[in-house]
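Visitor: I would like to learn how to read helix packing in a model. Can we work through a case together?
Guide: Gladly. Have the structure open as we go.

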Amino acid sequence: SDAAQRVDVDPLVFQSYKTFMCFVTSWLFILGTKQPVMWSAWGIVSGLFWVPAGVAAIYAVKHAGLAVSQGIWSSLIVLVSFGWGMFVFGEEVKS
């Protein structure tokens, strides 16, 4: 919208807000449901990939538009997930 365009928030600042809110709501959920906290190295790696990907997504939407950006990053998510499953975790294709 025009209001969002006028604000012109830097993508890194916007990603920081998004990451902080994800962190806070995750802890609220964990504390509210009394779930045990379990740390995993894969969770840390995932977070390290998630933040730069979020910044790239914000830049992509800003420059290419939402429809094109969503199509590209959805395709990349499928390809990267397939690659990790096949080559890192050794899963077989079943269908």
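Visitor: At what angle do helix α3 and helix α4 pack?
Guide: Start with the two axes. This is a predicted model. Here α3 (residues 41–64) and α4 (residues 66–88) pack at an angle of about 155°. Their axes lie 9 Å apart.

Visitor: How is α3 oriented relative to α4, roughly parallel or roughly antiparallel?
Guide: Compare the angle with the cut-off: over 145 degrees counts as roughly antiparallel. The pair packs at about 155°, and therefore α3 is roughly antiparallel to α4.

Visitor: Is the crossing of α3 and α4 left-handed or right-handed?
Guide: Right-handed, for α3 and α4.

Visitor: Which residues of α3 and α4 make the contact?
Guide: Look at each side in turn. α3 brings Trp42, Phe49, Ala57, Ala60, Val61 and Ala64. α4 answers with Leu66, Val68, Ser69, Trp73, Trp84 and Val88.

Visitor: How many residues in the contact of α3 with α4 are nonpolar, polar and charged?
Guide: Sort them by class. Eleven are nonpolar, one is polar and none is charged.

Visitor: Ser69 is on that list. Is Ser69 buried or exposed?
Guide: Read the relative accessible area. Ser69 sits in helix α4. Its value is 3%, and under 20% means buried, so Ser69 is buried. Next, check its partners. Leaving out residues up to four places away in sequence, Ser69 touches Ala60, Val61 and Ala64.

Visitor: Which residues of α3 are buried?
Guide: Gly54, Val55, Ala57 and Ile58.

Visitor: How far apart are Ser16 and Gly54 in space?
Guide: Ser16 and Gly54 are 38 residues apart in sequence. Their C-alpha atoms are 9.5 Å apart. Ser16 is in helix α2. Ser16 counts as partly exposed because its relative accessibility is 41%.

Visitor: What spans do α3 and α2 reach, from first C-alpha to last?
Guide: Compare each reach with the span expected at 1.5 Å a residue. α3 has 24 residues and reaches 34 Å, close to the expected 34 Å. α2 has 23 residues and reaches 33 Å, close to the expected 33 Å.

Key. Residues are numbered from 1 along each chain as its sequence is written. This is a predicted model: local features need pLDDT of at least 70, side-chain atom pairs count only at pLDDT 80 or more; totals for chains, interfaces and linings use all residues. Side-chain values use heavy atoms; hydrogens and water are left out. Axes are lines fitted to C-alpha atoms, for helices over the stretch in contact, and angles run from 0 to 180 degrees between N-to-C directions. Helices (H or I, at least four residues) and strands (E, at least two) are DSSP runs, numbered from the N terminus. Angles under 35 degrees count as roughly parallel, over 145 as roughly antiparallel, 65 to 115 as roughly perpendicular and the rest as oblique. A crossing is left-handed if the near helix is turned anticlockwise from the far one by less than a right angle, and right-handed if clockwise. Contact means heavy atoms within 4.5 Å. Ala, Val, Leu, Ile, Met, Phe, Trp, Tyr, Cys and Pro count as nonpolar, Asp, Glu, Lys and Arg as charged, and the others, Gly among them, as polar. The expected span of a helix is 1.5 Å times one less than its number of residues. Buried means under 20% relative accessible area, exposed over 50%, partly exposed in between (1.4 Å probe, protein chains only).
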